[in-house]
Amino acid sequence: MKPEMRRTVIAGNWKMNFTPKEAKKFIKEVAPLVAGKDNCDIVFCAPYVTIDAAMKAAKGTNIHIGAENVHFEDHGAFTGEVSARMLKEIGVEYVIVGHSERRQYFAETDTTVNLRTKAALAAGMKVILCLGEVKEQRLSGITDEVVGMQTKLDLAGISEEDLKNVIIAYEPVWAIGTGLTATPEQAEETCGVIRKVLAGMYGKKVAETVTIQYGGSMNDKNAAELLAKPNVDGGLIGGASLVAEKFAAIVNAAQ
């Protein structure tokens, strides 16, 4: 991490977990454990129906609440979807876009990821933009090409000014929910590739200001080693974000 150049962000992605009542209980448990840990931003991205309860529970703490997805249209006949305007009105600060599970199970493409990113930025939210390779791509030796292309397509038309509100989460798909984790060296190498692509798009000075998280099964045991790498500026945490003590340990590692 290089905190003097960019902000460290530890974000929990709850996925389809926690009812409103469960979220309130969890935040009450985790808030004292992360209080005063101001060297990083602490975020939980919650299911839509849980956001309001989570925000109320987090009020007065150093915890920020985000959403797990957003639609790219402002309104219309899109049954089951939620717009950036709706999220912004209830006070949502962050939103995850392009998570591998959205790409894998719900037919997300780089085109729709780009549109969702633009919609969230236009509404004044911060975007956690996910990208990463599948196992076959890693084994074929084309990881750099895959994440490079995703970076370019997902950020197409995003201005340098808007990029200030984009956090990139590198999440090797083969490491999500599998218990597998990229080695610190692999995480550093690929986050470095993403930063190099950003430098080509926006210039090296701008690229050095972009927070790049690692998001493939980071947990309380491996966080310190991963976060010690120069190009790893935080984590997008899955399973470990559901256990207060484990999540707090990751936040402590980021200090």
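**View 1. Helix 5 of the predicted model, end to end.** At 1.5 Å a residue, the 13 residues of helix 5 should span 18 Å. The end C-alpha atoms of helix 5 are 18 Å apart, which agrees. The expected span is 1.5 Å times one less than the number of residues. The model is predicted. Helix 5 covers residues 110–122. Just after helix 5, Gly124 has a positive phi of about 90 degrees.

**View 2. Buried residues of helix 5.** Asp110, Thr112, Val113 and Asn114 are buried. An α-helix has 3.6 residues a turn, so residues three or four places apart point the same way.

**View 3. Helix 5 against helix 7.** Two packed helices are described by the angle between their axes and the distance between the axes. Here the axes of helix 5 and helix 7 (residues 143–154) come within 8 Å. They cross at roughly 45 degrees. The two helices are therefore oblique to each other. Helix 5 contributes Asp110, Val113, Asn114 and Thr117 to the contact. Helix 7 contributes Gln150, Leu153 and Asp154. By class, the contact residues are two nonpolar, three polar and two charged.

**View 4. Cys45 and Cys130.** The structure holds zero disulfides. Cys45 is in no disulfide; its nearest cysteine sulfur, that of Cys130, lies 8.9 Å away. A disulfide would need the two sulfur atoms within 2.5 Å. Cys45 has 0% relative accessibility, so Cys45 counts as buried. Cys130, also at 0%, counts as buried too.

Methods
Residues numbered from 1 in each chain as written. Predicted model: local features only at pLDDT ≥ 70, side-chain atom pairs only at ≥ 80, totals over all residues. Heavy atoms only, no water. Axes fitted to C-alpha atoms, helices over the stretch in contact; angles between N-to-C directions. Helix = DSSP H or I, 4+ residues; strand = E, 2+ residues; numbered from the N terminus. Parallel < 35°, antiparallel > 145°, perpendicular 65-115°, else oblique. Contact = heavy atoms within 4.5 Å. Nonpolar A, V, L, I, M, F, W, Y, C, P; charged D, E, K, R; others polar. Buried < 20%, exposed > 50% of the residue type's maximum accessible area, 1.4 Å probe, protein only.
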